[in-house]
Amino acid sequence: MKFFEVVKQSKKSKARLGLLSTPHGTVRTPAFVPVATRGTIKAIPPKDIPDIGIQIAFVNTFHLALHPGGEVLKKFGGIHKYSGLNIPLMSDSAGFQVFSLGRASERQRRMRTREGDEALLLGITEEGARFRSPVDGNEIAFTPEFSMQEQARIGADIVMAFDECIYYGASKEYAKKATQRTHEWLLRCVAAKKIKNPSSVRSARTFAGKQMLYGIVQGGTYKDLREESAKFVAKQHIDGIAIGGVAVGETTKEMKDAVGWVAPYLPPELPRHLLGIGRLEDIVAFVRQGMDSFDCVELTRLARNGIVFQKKGARFERYDLTGTKRLREKDPIEKDCPCYACRNFSVAFIHHLFRERELLGYYLATYHNLSFFERAFQDMREKIEQGNL
RNA sequence: UCCCUGGUGGCGCAAUGGUAGCGCGGCUCGCUGUUAACGAGAAGGUUGUAGGUUCGAAUCCUACCCGGGGAG
């Protein structure tokens, strides 16, 4: 069975309908990929996944390698069995933590926080990245080989190459060096994977119970580096392409430029994943550019912080549940929303739950935001199907 | 009636001689491959009242008002 298939190519744009087939099910693309960093979509029990309409989720190798560790996951037969997430899963490589923990370390250093606070990112070399574990304080080294080993033990259906997410504002010199490093790391990921998984070569590209590897395009905010990166990644023995290093602080225009630069170099037969993008208004634009899947923490994090989404005409608006002005609001978050939260509860009640830090509040808000996103994606798929997008 | 104890920002508390801090709440802002049920910021008090001691009082003294406890 073929891993990825383009079912329909839009004539109005580069948008396309596709099918991602994995041992744990088939995903209709364009697809949203909710984030389940530690093997759980925060606040959502797996039994709700069908009702919400979630097709696939995104786990993180950094967090899972630190706890419970690949060895434990392997003993349990992989993340699907261990976590109860019986859907297609993608795992991130820990590459993003090179950026996010580096940023946190930088902030720590600048703000001179508490004595004894250890930097979380200890260094990046050609070999890999060294971290201070937030779990136990031990030093831990991530290399492409270690990432691939842990991803194999985690057992997600789709794995990401180990990359370096370049921080916004990086000099061209640094961006070039980091992009080259990401490319070297990709070669090592492909090599590490081949040893374990000889069938994962581009000519075959069938899942056959194996993990599919996505290479990651970097290049920062520099057009030539982005193009060069896309060309380089596209010709490797990979099963899909991801675009990384976006939404790291740049403007929306810069972000759209970065994606626009690489789009022409993405082989049409490969599925394309846009890492970390989660603003629906942007996503629509990226779907038009031919992107197939999107992971993002924002909607689930916003939900836990009391912000839910409402559709106002063609716009997507944020609605804050936490203010006292919601105390007597009898309506649901959205009157015509079919989700569990909106069918059963008033804004007033959910506001009360947030005010009192009751766990059901986080659940209901997350439930709504995920449902909202899944419906938006369903809507986009229908529009492509009908030739309207 | 007497004794003890306490009255500090909306709420709960801290600061016992050097012109008031914290938590929660409220308000505003921010969250994009999750160190994030998180973070940032501004606002808010003539320390129950009236006197006194002192260079200086939330803090010591006196009286009164209010709460809690005890004795009769």
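A residue counts as near a strand here if its C-beta atom, placed from the backbone, lies within 6 Å of it. In this predicted model, 47 residues surround RNA strand B by that rule. The closest of them are Ser100, Cys165, Ala247, Gly276 and Val297. Several elements give two or more residues to this surface: strand E5 (57–60), helix H5 (95–111), strand E14 (293–296), helix H11 (298–304) and helix H14 (359–385). The top contributor is H5, with eight residues.

Next comes the inside of the protein. In soluble globular proteins, nonpolar side chains tend to be buried together. Here, the largest nonpolar core has 112 residues, and those touching the most other members are Ala57, Val59, Ala161, Cys189 and Tyr214. Helix H14 gives the most to this core, namely eleven residues. Where does the core lie relative to domain 1 and domain 2? Domain 1 (4–296) and domain 2 (304–385) both supply residues to it, so the core sits between them. H14 also turned up above, among the elements that give two or more residues to the surface near RNA strand B.

Tyr214 makes a handy close-up of the core. Leaving out residues up to four places away in sequence, Tyr214 touches Ile158, Met160, Ala161, Ile238, Asp239, Gly240, Ile241, Ala242 and His273. One of these, Ala161, is itself listed with Tyr214 among the core residues that touch the most other members.

Two helices show how burial can pick out one side. In helix H9 (residues 252–262), the buried residues are Met255, Ala258, Val259, Trp261 and Val262. Because these residues cover an arc of only 160° around the axis, they end up on the same side of H9. The face turned away from that buried side carries Thr252 and Lys253, which are exposed. And what do the buried residues of H9 pack against? Their partners are strand E11 (212–217), helix H8 (223–234), strand E12 (240–243), strand E13 (272–274) and helix H10 (280–288).

Helix H13 (residues 347–355) has Val347, Ile350, His351, Leu353 and Phe354 as its buried residues. They too span an arc of only 160° around the axis, which means that they lie on the same side of H13. Part of what covers these buried residues is H14. After H13 comes Arg357, whose phi is positive, near 55°.

Terms used: Residues are numbered from 1 along each chain as its sequence is written. Chains are lettered from A and ligands numbered from 1 in the order in which they are written. This is a predicted model: local features need pLDDT of at least 70, side-chain atom pairs count only at pLDDT 80 or more; totals for chains, interfaces and linings use all residues. A residue is buried if 20 or more other C-beta atoms lie within 10 Å of its own, exposed if 12 or fewer, and partly exposed in between; C-beta atoms are placed from the backbone. Helices (H or I, at least four residues) and strands (E, at least two) are DSSP runs, numbered from the N terminus. The arc is that of the directions from the helix axis to the C-beta atoms. Two residues are in contact if their C-beta atoms, placed from the backbone, lie within 7 Å. A nonpolar core is a set of buried Ala, Val, Leu, Ile, Met, Phe, Trp, Tyr and Cys residues joined through C-beta atoms within 7 Å. Domain bounds come from an automatic or database domain assignment.
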